[in-house]
Amino acid sequence: MNYTTILEKKRDGLRLNSREIDFCIDEIARGHVPDYQVSALLMAIYIQGMTPQETARLTRAMTHSGEIIDLSDIPGPKIDKHSTGGVGDKVSIVLAPLAAAAGINVPMISGRSLGHTGGTLDKLESIPGFRTDLSIEEFKTNIKDLGLCLIGQTKDVAPADKIMYSLRDATATVSSVPLITSSIMSKKLAEGINGLVLDVKIGNGSFLPDMDKAEQLTQSLIDTAMLNDLKVTAMLTDMDQPLGDCAGNWVEIVESVNTLQGKGPQDLTELTLAQAAHMMLMAEKAETFDQAKETLTGLLNNGKAYEKFLQIVERQYGDISVFENPEELYQPAQKISILAQESGIISSMQTRDIGYILVDLGGGRRHVHDKIDPAAAIWFHRKKGEAVIAGDTLMTVYTNRPVKDLEKKLLETVTISEEFNLDNHLIYKTIKP
């Protein structure tokens with residue numbers, strides 16, 4: 001069997017059989033395929049697509065390209081959550097300790113920034129000393145002892161995906177439904193979980209802004225989960241504006257801490273509670289959705305969720321003393337206020353553009369080896385549906401890096417109108433197959 005011949009077949013829009021897919025992924029995982037040929041396969045899949053059967057087989061091959069973690073010796077349900085990514089989306093950082101405080105085991109393998117979206121690992125690593133490169137044994141020990149662990153993809157878990165994931169951004173193939181599905185599900189299936197809550201983002205700040213494509217991805221993820229006997233609930237949620245009041249790495253940790261103490265922004269708190277509630281239902285820790293939300297709200301208000309967060313930060317070698325005065329940890333060289341140029345109501349925000357501006361400030365990566373600046377941040381003082389008067393502060397930018405025409409670029413991301421019919425949907429729909 002020859003990789004190039006298989007590549008030609010997919011390039012021409014033909015269906016790959018199981019043996020061909022297994023061969024390609026095995027060769028990629030073994031390091032036998034140069035980056036340019038992996039990139040060619042990614043582009044062929046992006047252009048020609050894959051059938052549900054091809055996608056399922058691709059996912060299975062990527063899952064079995066490395067170790068599948070065995071958590072069977074840990075009692076109780078093991079439930080994870082995954083978001084397709086957005087600007088200001090720090091739900092995982094709040095949800096993992098909250099769900100663990102509710103008695104759910106949360107084995108969470110997360111990713112880094114991709115395109116205009118932030119990465120959970122980059123945010124966690126802005127905590128001094130925090131390690132996401134733990135061994136599988138440390139991962140299992142933390143879940144057994146504390147009910148959660150938050151790590152990055154190890155060299156032994158879905159190694160084929162790690163290679164392909166690192167090239168998708170650079171090859172403009174991020175939004176391919178088969179590639180998104182196989183990347184997400186291969187890691188999740190390798191975690192040893194029993195159930196998964198999916199957060200598929202819709203809107204101008206998502207990878208799939210079109211509702212039809214988002215629903216197509218959702219169905220692809222659900223189909224793949226069910227074919228692998230994995231319980232699944234999928235939520236389609238809004239990314240037409242940033243989630244929460246800020247975007248950046250350290251500032252999102254600070255906002256997550258506030259939320260864990262019951263003082264977070266309404267949208268972030270509501271979405272986290274909804275997703276954690278579905279995890280509780282899946283784990284049979286509650287009988288109704290409202291009962292689950294009530295329990296979880298109590299864990300935010302009584303300090304148990306925040307206590308769990310501090311425990312896992314310390315266990316993963318992070319310095320918890322920084323949370324005594326978190327605003328003092330990173331002091332960027334510049335603090336720039338972006339002022340409204342007219343009065344009216346904010347009718348739209350170009351969230352993807354905001355995300356890329358944050359990348360240019362150092363909050364994300366244009367290239368695989370770019371370094372993250374944990375201090376780079378944008379605070380949003382006004383969001384969709386809110387009234388502004390000319391001269392009001394729309395955003396505050398924290399940066400150590402000059403960006404040409406920064407004010408002009410950020411002002412262009414916000415549309416201010418005389419009237420606005422507010423039709424915000426934080427959660428569009430929830431699918432429980």
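The largest nonpolar core of this structure has 51 residues, and Ile 127, Leu 296, Phe 309 and Phe 323 have the most contacts inside it. A nonpolar core here is a set of buried Ala, Val, Leu, Ile, Met, Phe, Trp, Tyr and Cys residues joined through side-chain atoms within 4.5 Å. This is a predicted model, in which local features need pLDDT of at least 70 and side-chain atom pairs count only at pLDDT 80 or more, while totals for chains, interfaces and linings use all residues. Residues are numbered from 1 along each chain as its sequence is written, and side-chain values use heavy atoms, with hydrogens and water left out.

- Helix 5 (91-101), strand 2, strand 3 (148-152), helix 11 (250-260), helix 12 (266-282), helix 13 (289-301) and helix 14 (304-315) each supply at least two residues of the core. Helices (H or I, at least four residues) and strands (E, at least two) are DSSP runs, numbered from the N terminus.
- Helix 12 gives the most to this core, with nine residues.
- Phe 309 is in contact with Ile 93, Pro 97, Ile 127, Val 257, Leu 260 and Phe 323, leaving aside its neighbours within four places in sequence. Contact means heavy atoms within 4.5 Å.
- In soluble globular proteins, nonpolar side chains tend to be buried together.

- Four strands form an open sheet with mixed pairing, in the order 1-4-5-13. Two strands pair if DSSP finds at least two bridges between them.
- Strand 1 (79-83) and strand 13 (427-431) are at the edges with a single partner strand each, so one side of each has no neighbour in the sheet.
- On average, and with direction ignored, neighbouring strands of this sheet are turned by 15 degrees against each other. Axes are lines fitted to C-alpha atoms, for helices over the stretch in contact, and angles run from 0 to 180 degrees between N-to-C directions.
- Strand 1 pairs with strand 4 (residues 195-202) in the parallel sense over five bridges; Asp 80 has Leu 196 in strand 4 as its bridge partner.
- Helix 9 (residues 177-190) lies across strand 1 and strand 4, and runs at about 165 degrees to strand 1.

- Three strands form an open sheet with antiparallel pairing, in the order 10-8-12.
- Strand 10 (387-388) and strand 12 (414-417) are the edge strands, each pairing on one side only.
- Strand 8 (residues 344-349) pairs with strand 12 in the antiparallel sense over four bridges; Ile 345 has Ser 417 in strand 12 as its bridge partner.

**Salt bridges and charged residues**

- The structure holds 23 salt bridges. A salt bridge is a side-chain nitrogen of Lys or Arg within 4 Å of a carboxyl oxygen of Asp or Glu.
- Arg 112 and Glu 125 form a salt bridge, with their closest N and O atoms 2.9 Å apart. Arg 112 lies in the loop between strand 2 (106-110) and helix 6 (120-124) and Glu 125 in the loop between helix 6 and helix 7 (136-146), so the pair ties together parts 13 residues apart in sequence.
- Arg 112 is partly exposed at 31% relative accessible area, and Glu 125 is partly exposed at 33%. Buried means under 20% relative accessible area, exposed over 50%, and partly exposed in between (1.4 Å probe, protein chains only).
- Arg 365 and Asp 122 form a salt bridge, with their closest N and O atoms 2.9 Å apart. Arg 365 lies in the loop between helix 15 (351-363) and strand 9 (377-380) and Asp 122 in helix 6, so the pair ties together parts 243 residues apart in sequence.
- Arg 365 is buried at 14% relative accessibility, and Asp 122 is buried at 6%.
- Salt bridges that share partners join Arg 112, Asp 122, Glu 125 and Arg 365 into one network.
- Glu 27 is found in helix 2 (residues 18-29). Glu 27 is buried yet has no salt bridge, and the nearest side chain of opposite charge, Arg 30, is 5.1 Å away. For charge, Lys and Arg count as positive and Asp and Glu as negative, while His and the chain ends are not counted.

**Positive phi**

- Asp 229 has a phi near 55 degrees, a positive value in a residue other than glycine. Asp 229 is found in the loop between helix 10 (211-227) and strand 5 (231-238), and is exposed at 72% relative accessible area.
- Most residues other than glycine have a negative phi.
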